[in-house]
Structures are given as C-alpha cells and as structure tokens.
Amino acid sequence: MQLLEEYGNVLYQRGAALYTYRHLVVVVQQSIPAVKALAGPCWEMISRWEVAEPPDHRTPLPLFLFKAMMATALLWRWERFASILGLAFYGIARPGEPLKEVRSSLLLPSDLLEFGSTTAYLKIQSPKTRRRGGGRIQHLTVDEPSFVSFLEAVFRKVPRDEPLFGGSPSSFRRRWDSILRALGVGPATGLTPGGIRGGGCVAAFQRGVDLPRILWLMRIRHLCTLENYLQEVLASSVVPDLPEFSRLRIRAAAEMYSVVLDARARVI
C-alpha cells in the first residue's frame, strides 16, 4: 500500500485526474481484500487531493425551477421529456440513464399488480458504477404519488420494447434549453441536465430524507462523499441572482405544476 500511496503522489504531481487514482484504490481493495485495512493512507491522500483541488460541481437544479420546467413541458405537451426529467429528479439519477431505457425497464404499480402503490422503479441496464463495485444492473426508485400516476398514464399502454424518450440526448438538451429560455433563464447560470441529479439529492435532503437513504437511492457507497457534496451546494442556488421577470415566470409556472401534472395524467 505504501507503493500505491507513492503512486498517488506521482499522479498528483503530474496533474492527473483524481478519479483515476480513486478508482485504482477501489480496484486494489476489491482484488486483494486483505489490504483494505491498510488503505487508510491512500484515502487520506485522496482527501488531501480533494482539498487542494476541490471538485467543480455541476449547478444543482432547484426544486422550484424543476417544477416550473415540468409545468412548461406539460403545457407544451412534451410528456416524454417531462417523464425523463421527473424520473431523473425524483429518482436522483443521471439523465442519461432513463434516456437509454425502454418501456420494459420501467416497473409501474400496474405492472406489478400493486394498484394501491405509489412507487415506480426503473432498471438501469448499464449503470456508470458497474465497473467500480456497483451492481451490473441497478435500479432507481420514484416514490412521488402524483408523478407516478402521471407515469402510469403516459406508459401503461406503451409497447415494452419502445424507448422511454424516443429521441437522442441532444434532442433532450434542445428541449431543456428551450424551456429555460421561455422561463428567462440564460446559459450564464450554468444549468445543464447534469445538474438534475444534484437537484434531486438536495430536494430529498431538504424534505427530510435521511442521508443513508439518499446514499442508497443515489447508488453511491461512501457517506463522506455525500456529506461533502451537500455541505458545498446546499445553500447555493441560481434563483436569487435571476432577473425579476424570470423569477416571476418561474414562480407562476411552478405554482401550476401540481394542477397541470394531474390534468395531463387524466387526459392522456
């Protein structure tokens, strides 16, 4: 392990990416379980590296803006876009994960003959963490009654081999950008689809979900990683810095979210 620690110093001095060293330490621990108890200096090295080069987190999507985007998408009849956005936000997932999946990966209460349930699941066939000790097939959980009812309306009769979105990631991004423009949110905010997962994490914490549960929902293993992330982004938000006309649009759209979601679920 001393050699591995020294190798970390070499990587740092050469300007390598931290994740490459972190992944190496994880692989060594998994390959040789006996060295796990000796890996403390390597993890201390990782912690020092993080302090020296703090990660540049994607701007998390605020809950209020998420609701405004959902309401706008539904008013524009972009049900599939809203489905992916909601799955990623409430499931605390990377948007690319639901974008890749087909109808058979989505388990609705009606699929399981659990008609009183308010929980849906999405199987992730090729999760990002499958090579870092995570399962080869993972799932995300969505426990938001109104949104699950909406998913039922959108997908209950969809063929099981049909994609959930039916478009490319660039198509999803174009719709994302169009909605933000309509709400008066410019690119200077740094809001991209990459911030959906972080927004879902912050929203879950703010509504009282405990950290071990969030850790499980996000399919990550180290509590310190989650704690550090929340400490860095919890009090940050792009909303206070937006112009007044944009804030008014967002507020008006967000207040329509529940009504529009329920209405679309009834008419689809």
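Trainee: Hey, which residues does leucine 65 touch, leaving out those up to four places away in sequence?
Mentor: Leucine 65 touches Leu180, Leu183, Val185, Leu191 and Ile250, where a contact means heavy atoms within 4.5 Å. This is a predicted model: local features need pLDDT of at least 70 and side-chain atom pairs count only at pLDDT 80 or more, while totals for chains, interfaces and linings use all residues. Residues are numbered from 1 along each chain as its sequence is written, and side-chain values use heavy atoms, with hydrogens and water left out.

Trainee: Which members of the largest nonpolar core touch the most other members?
Mentor: Those are Leu61, Leu65 and Trp176, in a core of 52 residues. Such a core is a set of buried Ala, Val, Leu, Ile, Met, Phe, Trp, Tyr and Cys residues joined through side-chain atoms within 4.5 Å. Apart from it lies another core of 13 residues, including Cys201, Leu217, Leu226 and Tyr229.

Trainee: And how much of the protein is buried?
Mentor: Of its 268 residues, 43% count as buried. Buried is under 20% relative accessible area, exposed is over 50%, and partly exposed is in between (1.4 Å probe, protein chains only).

Trainee: Switching topic: what is the phi of arginine 77?
Mentor: Arginine 77 has a phi near 65°, a positive value in a residue other than glycine. Arginine 77 sits in the loop between α4 (63-75) and α5 (79-90). Isoleucine 92 is not a glycine either, yet has a positive phi of about 50°; that residue is in the loop between α5 and α6 (96-100).

Trainee: Is isoleucine 92 buried or exposed?
Mentor: Isoleucine 92 is buried, with a relative accessible area of 1%. Arginine 77, on the other hand, is exposed, at 57%.

Trainee: OK, how many helices and strands are there?
Mentor: The protein has 13 helices and 3 strands. Both are DSSP runs numbered from the N terminus: helices are H or I with at least four residues, strands are E with at least two.

Trainee: In what order do the strands sit in the sheet?
Mentor: The order is β1-β2-β3, in an open sheet with antiparallel pairing; two strands pair if DSSP finds at least two bridges between them. β1 (106-107) and β3 (138-142) are at the edges with a single partner strand each, so one side of each has no neighbour in the sheet.

Trainee: How many bridges join β2 and β3?
Mentor: Strand β2 (residues 120-124) pairs with β3 over 5 bridges. To find your place there, look for isoleucine 124, which stands opposite glutamine 138 in β3.
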